[in-house]
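Take a moment to look over the chain before reading on. This report starts with the whole fold and then turns to single residues.

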Amino acid sequence: MTIQNALVLSRRELAPGIVDYQVSCPELAAQALPGQFVHIRVPGYTLRRPISICRIDKAAGTIRLVMEVRGEGTAILSQVEEGGALDLLGPLGNGFSLPAPGAKVIVVGGGIGVPPLLEVAARFGKDATACLGFRGAGNLILGEDFSATGAAVRLATDDGSLGHHGLVTDLLKERLEEAPAQLICACGPGPMLRGVAALAAEYGVPCQVSLEERMACGVGACLGCAVAVRTPDGSAAYRHVCKDGPVFPAEEVFF
């Protein structure tokens with residue numbers, strides 16, 4: 001973990017309220033793993049804002065961050081222009097535990113839960129299937145980026161304006177019916193994750209889910225992002241999304 005003042009190499013808007021940054025942070029990029037996040041300082045605010053790492057380029061010393069404007073803090077961060085800087089703390093949390101290259105991996109993302117799955121898809125290329133769900137065609141982000149990794153991309157929209165008209169879990173079920181898979185990685189709204197976990201259990205495929213909770217410290221000190229998880233004896237215990245997660249085995253999570 002390091003604190004680094006990262007130079008913004010590029011900034012663009014992917015969709016209304018969603019900004020894509022490429023930043024230079026060699027020390028942080030060298031440590032980063034798929035599924036981890038960074039905590040970004042917001043000028044004038046005490047608490048940092050957690051943003052998932054979208055892509056990692058260790059050779060170039062860069063990471064990619066895709067953030068959605070959700071409040072005053074992210075609104076300020078979204079206005080940093082190319083040539084500006086972001087104060088990053090990270091990489092934080094535990095990311096995805098990935099199998100060896102050649103394994104068949106499915107990533108399932110919903111909305112702003114899609115970005116942290118891009119690095120996973122890139123690691124497996126043609127052996128990956130990306131099932132991505134959005135409210136409508138105007139909310140689509142990173143579709144071309146997933147295709148560029150070599151992954152098979154399947155899209156679903158709530159309003160039927162693009163791809164499958166329905167739930168992204170419909171696409172996951174369709175894929176699981178076609179061929180075996182060694183791992184499912186998912187990130188998105190709670191109801192979506194619940195559905196993904198249920199299908200993974202039904203088809204006997206290991207599944208890891210990335211959870212989202214409001215964070216303060218980002219390092220497990222304030223205990224504000226606690227979630228209930230299932231222990232080996234079936235009882236409940238509390239873990240912290242920032243430190244113990246954000247990625248958990250799906251069978252451990254109480255949805």
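Of the contacts with a separation of 6 or more, what share comes from residues 24 or more positions apart? In this predicted model, such residues account for 62% of those contacts in the chain.

**The whole chain**

The chain holds 6 helices and 15 strands. Its radius of gyration is 17 Å, close to the 18 Å that the globule rule gives for 255 residues, so the chain is as compact as a globular protein of that length. Along the principal axes, the C-alpha atoms fill a box of roughly 50 × 45 × 35 Å.

Of the 255 residues, 49% count as buried. The accessible surface comes to about 11,300 Å². Carbon and sulfur atoms make up 52% of that surface.

Charges come next. The chain carries 21 positive and 26 negative side chains. The centres of these two sets lie 3 Å apart.

**The cores**

In soluble globular proteins, nonpolar side chains tend to be buried together. Here, the largest nonpolar core has 33 residues. Those with the most contacts inside it are I106, V108, L172, I184, V196, V209 and L211. Several elements each supply at least two residues of this core, among them strands β6 (85-92), β7 (105-110) and β11 (183-187), and helix α5 (168-178). Which element gives the most to this core? That is α6, with 6 residues.

A second, separate core has 26 residues. It includes A103, A121, F124 and A151.

Leaving out residues up to four places away in sequence, I106 touches T129, C131, L172, R175, L176, A181, L183, I184 and C185.

**Two residues in one loop**

The loop between β7 and α3 (118-124) contains L117. Is L117 buried or exposed? Its relative accessibility is 0%, so L117 counts as buried; the cut-off for buried is under 20%. Setting aside residues up to four places away in sequence, L117 touches F96, V107, V108, G109, F146, C185, A186 and C187. D159 sits 42 residues from L117 along the chain, and their C-alpha atoms are separated by 23 Å.

I112 also lies in the loop between β7 and α3. With residues up to four places away in sequence left out, I112 touches I18, V66, M67, E68, R70 and I141. I112 and A130 are 18 residues apart along the chain, and 14 Å separates their C-alpha atoms.

**Backbone details**

Which peptide bonds are cis? The table lists two.

| Peptide bond | Form | Omega |
|---|---|---|
| G90 to P91 | cis | near -5° |
| G245 to P246 | cis | near 10° |

P91 is found in strand β6. P246 has its place in the loop between β14 (236-240) and β15 (247-249).

Phi of L142 is near 70°, a positive value in a residue other than glycine. L142 is found in the loop between β8 (128-134) and α4 (143-148). At 5% relative accessibility, L142 counts as buried.

Conventions:
Residues numbered from 1 in each chain as written. Predicted model: local features only at pLDDT ≥ 70, side-chain atom pairs only at ≥ 80, totals over all residues. Heavy atoms only, no water. Helix = DSSP H or I, 4+ residues; strand = E, 2+ residues; numbered from the N terminus. Rg over C-alpha atoms; globule rule 2.2 N^0.38 Å. Buried < 20%, exposed > 50% of the residue type's maximum accessible area, 1.4 Å probe, protein only. Contact = heavy atoms within 4.5 Å. Areas by Shrake-Rupley, 256 points an atom, 1.4 Å probe, with all protein chains shown as cover. Lys, Arg positive; Asp, Glu negative; His and termini not counted. Charge placed at Lys NZ, Arg CZ, Asp CG, Glu CD. Core = buried A, V, L, I, M, F, W, Y, C linked by side-chain atoms within 4.5 Å.
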